[in-house]
Amino acid sequence: MSSKYYKAYKLDEALMKLKENPENSNLIAGGTDIVIEIKNKKIKPDFIIDISDLKELKDISIEEDNIELGSMVTFTQLENEDFPKNLKALSEAAHSVGSPQIRNKGTIGGNICNGSPAADLVPPLLALNSIVTLESTRGKREIALEDVFLDKGKTVLEIDEILTKIRFKNLKENEFLSFSKLGLRNALAISRICTSVYVKVQDKKIENIRIANGALGRYGIREKNIEDKLIGMPLNKKTIEYGKEEINKEIKERLKGRSSMEFKSEAIKGTLHKSLFNALNYFLDRKVGVING
């Protein structure tokens with residue numbers, strides 16, 4: 001039996017169709033994952049709701065205090081957005097995703113909702129302390145992105161909910177976001193490790209830092225143990241070396257007994273180094289509360 005298909009042009013339409021057909025329904029946005037899963041017979045949805053043309057979810061809103069991304073924003077849109085230099089890592093993360101064809105179709109919302117451990121946009125959005133909006137015919141709720149993931153491929157979304165927006169605070173001059181990815185094959189690689197770091201410096205010290213990694217757990221994860229150790233330290237080369245050694249120990253413990261442990265515990269030192277070094281260079285260029293050493 002073939003799947004029934006419905007094309008929605010308004011969010012209300014999509015939410016109503018989802019309410020009417022909650023069991024074994026699948027949303028399709030860019031289709032870069034679900035089409036392959038259907039073709040390979042990994043899933044057999046009874047009902048497919050196409051939300052790729054929900055124009056109300058395709059906007060990027062940049063205000064002085066907050067930035068809001070619609071869940072149907074594509075990687076290409078994000079890649080081409082003219083973010084300030086301290087937020088360019090979002091465009092870099094979008095550019096790192098797959099091929100141009102994938103970036104043209106794939107969406108931010110899909111990257112989150114698939115719950116893949118290797119989702120490239122999840123670490124920078126985690127590092128930005130993002131809040132997502134989930135909507136259904138019952139209303140809407142907001143939840144921290146880090147609370148969305150339950151396990152590999154599993155999220156807190158109810159069967160009648162659609163992720164509609166992602167929001168985070170705009171960055172000030174003394175804040176910076178960076179992104180680094182290690183893959184198997186350049187641009188087309190599925191991420192083996194991707195690291196994103198948000199840093200805020202004040203009085204020549206790290207006032208706040210958020211480190212997020214992909215492909216080092218069951219889903220994208222914040223490295224809060226490492227963050228706690230780095231807060232209050234100067235952002236310099238010595239601190240970067242210290243952070244690399246600490247995260248090496250953290251990942252060795254997390255992946256103990258796995259065949260990938262040795263490789264990933266060393267590789268993470270490289271992606272973290274690049275992310276922190278990019279932050280250091282940003283602050284040095286602007287002479288914003290950083291000392292080199």
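Reader: Is Arg 167 buried, partly exposed or exposed?
Author: Arg 167 is partly exposed, with a relative accessible area of 25%. Buried means under 20% relative accessible area, exposed means over 50%, and partly exposed is in between, using a 1.4 Å probe and protein chains only. Before we go on, this is a predicted model, where local features need pLDDT of at least 70 and side-chain atom pairs count only at pLDDT 80 or more, while totals for chains, interfaces and linings use all residues. Residues are numbered from 1 along each chain as its sequence is written, and side-chain values use heavy atoms, with hydrogens and water left out.

Reader: Thanks! Which residue forms a salt bridge with Arg 167?
Author: Glu 142 does, and the closest N and O atoms are 2.9 Å apart. A salt bridge here is a side-chain nitrogen of Lys or Arg within 4 Å of a carboxyl oxygen of Asp or Glu. Glu 142 sits in strand 7 (residues 139-144) and Arg 167 in strand 10 (residues 162-169), so the pair ties together parts that are 25 residues apart in sequence. Helices (H or I, at least four residues) and strands (E, at least two) are DSSP runs, numbered from the N terminus.

Reader: And Glu 142, buried or exposed?
Author: Glu 142 counts as exposed, at 52% relative accessibility.

Reader: How many salt bridges does the structure hold?
Author: There are 25 of them. One joins the side chains of Glu 20 and Lys 17, at 3.7 Å from N to O. Those two are three residues apart in helix 1, about one turn of the helix. Glu 20 is partly exposed at 47%, and Lys 17 is partly exposed at 23%.

Reader: What about Glu 241, which residue does it form a salt bridge with?
Author: Its partner is Lys 244, with the closest N and O atoms 3.2 Å apart. Both lie in helix 9 (residues 237-254), and being three residues apart they are separated by about one helical turn. Glu 241 is partly exposed at 38%, whereas Lys 244 is buried at 14%.

Reader: Which residues are linked in a network of salt bridges?
Author: Glu 146, Arg 222, Lys 224 and Glu 227 are.

Reader: New topic! What is the strand order in the open sheet of three strands?
Author: The order is 1-3-2, with parallel pairing. Two strands pair if DSSP finds at least two bridges between them. Strand 1 and strand 2 are the edge strands, each pairing on one side only. Four bridges join strand 1 (residues 4-7) to strand 3, and four join strand 2 (residues 25-28) to strand 3.

Reader: Which residues line up there? Say, what stands opposite Lys 7?
Author: Lys 7 stands opposite Asp 50 in strand 3. Also in strand 3, Ile 48 is the bridge partner of Tyr 5, and Phe 47 is the bridge partner of Ser 25.

Reader: Are the faces of strand 3 covered or open?
Author: Both faces are covered. In strand 3 (residues 47-50), Phe 47 and Ile 49 on one side and Ile 48 and Asp 50 on the other are all buried. In a regular strand the side chains alternate between the two faces of the sheet.

Reader: Last one: where is Glu 223 found?
Author: Glu 223 is in the loop between strand 14 (221-222) and helix 8 (224-230). Glu 223 is buried, with a relative accessible area of 1%.
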